[in-house]
Amino acid sequence: MSSFAICHAAIFTVDPRDRVIPAGTLVVQDGIITQIGDDREVNIPEGCEVIDARGHALLPGLIDCHSHSSLMRGVTENMPLMEWLPWYQLEHRAMTEEFAYHSARLCYLEALQSGTTCVMDMFRFMDRCADAAAELGLRVQLAPYVADKPGKDFFSTREENRRLIHSHHESRNGRIRVWMGLEHLFYCTEDAYREAAQLSREYGVGIHTHCSEQKEEEQAVTAELGRRSLAMLDHYGILGERTLLAHCVWLNDDEIARVAGTGTSIAHCPVSNAKLASGVARVPEMLAAGVTVGLGTDGPVCNNSLNMFEEMKFASLIQKATRLDATTMPADQILRMATINGARALGLDQEIGSLEVGKKADLLLLDLMTANMTPVSVNEAGGSLLWNLVFSAGSTNVAGVWVDGVRLIENGEATQVCQSSVIVAAQRQGLALHEAGQKFSHTLTTMI
């Protein structure tokens with residue numbers, strides 16, 4: 001790994017003090033941040049590559065806490081969640097290792113191009129997803145789509161999850177980590193949940209599952225299982241500091257308190273929740289209770305985009321609009337959700353999520369000399385730039401992305417793969433997957 005210094009940038013550290021350095025320098029050696037401070041304070045080591053970042057902002061790489069790789073985009077539209085799920089399952093009935101690999105390559109490329117350096121991916125054939133991540137250099141958390149109830153044998157198995165831990169956990173210098181993945185209460189047996197809790201303790205890995213995404217889903221769980229979703233997961237021994245729950249749109253006050261009390265984290269997916277008419281999660285109450293809440297895209301099949309800038313903006317605006325309160329969810333809070341809170345939800349906050357000495361160099365460099373970011377002012381409180389990072393910036397501003405100190409995006413282009421080849425292959429594979437999925441459509445009514 002090379003040593004380099006990024007100089008003269010507006011640095012948003014997202015450290016415990018939310019320190020902003022209007023004209024700062026950050027030094028990376030062997031993939032680790034070794035210095036950070038005002039340009040006048042930092043001594044750049046001799047022989048170190050110097051990157052002049054005047055007119056740029058430097059911040060931690062964005063973290064997507066819940067995604068599903070996919071080659072489906074724009075084909076399951078205008079459907080509420082409970083109608084959408086059966087069509088989505090067509091993809092998984094037709095899924096192969098090759099389709100999974102191309103799904104992951106495409107999604108990981110899109111994530112990097114929009115400034116995301118770490119993704120929690122819940123998908124199939126995740127050894128092939130690991131191959132894709134290794135190619136592009138992305139940091140990933142892999143949670144297999146485990147389902148073991150009768151009729152759900154087209155998802156991943158519990159044995160696959162165990163094998164993936166043995167073969168890939170903490171591989172690629174720790175960039176690839178494996179979680180216990182559980183699809184949903186309607187898909188997994190009690191044994192699956194209890195085994196996940198046991199293996200989480202045994203291997204020191206996290207647990208990732210869905211919870212309380214839609215009102216009708218919550219009602220159905222209560223009717224069939226006799227408890228609400230969170231209470232059922234609690235009964236199975238799932239809640240705890242190593243557990244990340246996706247969505248949690250319909251939690252009540254007592255449930256939010258229970259999540260906070262157990263140290264369980266939540267992945268908030270506002271765009272997907274809006275698109276599938278699931279509702280608006282009570283994020284201000286979650287944060288006030290002390291819950292760690294990160295942001296997730298939920299993948300292209302139910303979001304159409306993996307752009308975390310969109311997720312940040314929408315996460316704030318949906319709360320302002322529905323609460324009739326323009327002060328709720330300000331930019332600094334949203335930026336933390338997309339960075340250090342996401343890292344904490346994934347158990348990685350000692351390694352990534354903020355720009356601090358000793359942390360891994362997962363970096364995002366944004367070009368500010370563009371129409372959508374002009375005019376700009378920055379001071380030690382962030383200035384207008386803080387707000388524009390959340391409400392104005394987009395993937396077109398991404399000038400550089402580093403993971404472990406390795407530059408993966410340079411001026412919008414991937415450095416580790418030929419991105420046109422990735423896109424061409426994904427186009428061909430996507431059409432083939434869609435055609436294969438249609439062969440299962442005659443069984444649609446049996447899928448829920």
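Axes are lines fitted to C-alpha atoms, for helices over the stretch in contact, and the angles run from 0 to 180 degrees between N-to-C directions. I kept in mind that this is a predicted model, in which local features need pLDDT of at least 70 and side-chain atom pairs count only at pLDDT 80 or more, while totals for chains, interfaces and linings use all residues. Residues are numbered from 1 along each chain as its sequence is written, and side-chain values use heavy atoms, with hydrogens and water left out.

**Entry 1: two helices.** I looked up H4 (residues 158–168) and H5 (residues 190–203), which pack at an angle of about 10 degrees with their axes 11 Å apart; helices are DSSP runs of H or I with at least four residues, strands are runs of E with at least two, and both are numbered from the N terminus. H4 and H5 are therefore roughly parallel to each other. Arg158, Arg162, Ile165 and His166 of H4 make the contact with Asp191, Ala192, Glu195, Leu199 and Tyr203 of H5, where contact means heavy atoms within 4.5 Å.

**Entry 2: aromatic rings.** I found 6 aromatic pairs in the structure, a pair being rings of Phe, Tyr and Trp (its six-membered ring) with centres within 6.5 Å, called stacked if the planes are under 30 degrees apart, edge-to-face if over 60 and tilted for the rest. For phenylalanine 154 and phenylalanine 155 the ring centres are 4.7 Å apart and the planes stand at 35 degrees, so I noted this pair as tilted. Tyrosine 193 and tyrosine 236 have ring centres 5.1 Å apart and planes at 25 degrees, so this pair is stacked. Because tyrosine 193 lies in H5 and tyrosine 236 in the loop between H7 (229–235) and S12 (243–247), the pair ties together parts that are 43 residues apart in sequence. I also noted that Tyr145, Phe154, Phe155 and Tyr187 form one aromatic cluster.

**Entry 3: a charge over a ring.** The charged end of lysine 152 sits over the ring of tyrosine 187, 4.7 Å from its centre; the term asks for NZ of Lys or CZ of Arg within 6 Å of the ring centre and within 35 degrees of the ring normal.

Note on methods. Parallel < 35°, antiparallel > 145°, perpendicular 65-115°, else oblique.
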